[in-house]
Amino acid sequence: MSAVEHRYELRSRTERYRGKIFDVVSDEVTMPGGGTAVRDHVRHVGAVAVVALDDAGQVVLIRQYRHPVGRHLWELPAGLMDVTGEDLAVAAARELAEEADLTAGRMDVLVDLHSSPGFSNELVRVFLARDLADVPADERHDRREEEADLQVLRIDLDEAVGMVVAGEITNASAVAGLLAAARARDTGWSVLRRPDAPLPR
C-alpha cells in the first residue's frame, strides 16, 4: 500500500531576475496540512557533459576556472543547452569538439542528474563518447574568456574515479559521469541508454 503524496500546487509566481542562462523566481506553493509557502528557485536552461573514453581506457578531463567557487576545477567537457531545439547528443558533440578538440564515433547516455534540486531545476545529461578522433588543427574552436585558460588531460578512468573519492574532483556532472562510466564499463556497457533516450520527467 503506497502513501498518498501531497500535490504541490503553484498559487503565484514572481520573477526576480531574467537572464540568458537562468531566471530567478519566487513561487507560492501549497503545503501539506494546509497553507502555502514561498520557495525561491533558479530556472535553468539545462546542460550536457561528456565522458570521453579512448581505446586505452583513459578519459578526458578539463581544468577550468569557475568564478562562483573562486578556483579551477577538474571537469568533463560540458556546456549549456542554450541553442533552441538543439539535440542533446549534438550539443554534447559540439562541446567535446570545442573544449577537447575531439569527435566521437559513438555516443550513449550514461546518467541524468538534477545538479542542485534544492534551489534549481537544472538537469544535466551526461554522455559517454567513444571511438574518439582529433578535430583537424585548422577546424578547432577559438577558445575565449575562461575557455582560453583550459587545461586538457587524459587519465585512466580508475584514476579519475580515485580523484572523485579523494575529493579532487567535485564538479557534480564529473562526479556522476565518472562513477557511472566505471559502473557501465564493469557491466560490459549493458546499462547504457540510446543517445535519444527521453529525459526524466
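Contact here means heavy atoms within 4.5 Å. This is a predicted model, where local features need pLDDT of at least 70, side-chain atom pairs count only at pLDDT 80 or more, and totals for chains, interfaces and linings use all residues. Residues are numbered from 1 along each chain as its sequence is written, and side-chain values use heavy atoms, with hydrogens and water left out.

**View 1. Arg-18 and the residues it touches.** Leaving aside residues up to four places away in sequence, Arg-18 touches Asp-23 and Arg-43. Its side chain also meets that of Glu-15 in a polar contact of 2.7 Å (a pair of N or O atoms within 3.5 Å; within protein, one must be able to donate a hydrogen and the other to accept it, and residues adjacent in sequence count only if both atoms are side-chain atoms).

**View 2. Arg-18 on strand S1.** Strand S1 covers residues 10-18, and Arg-18 lies in it. Strands are DSSP runs of E with at least two residues, helices are runs of H or I with at least four, and both are numbered from the N terminus. Arg-18 counts as exposed because its relative accessibility is 56% (exposed is over 50%, buried under 20%, partly exposed in between, with a 1.4 Å probe and protein chains only).

**View 3. From Arg-18 across to Ala-176.**
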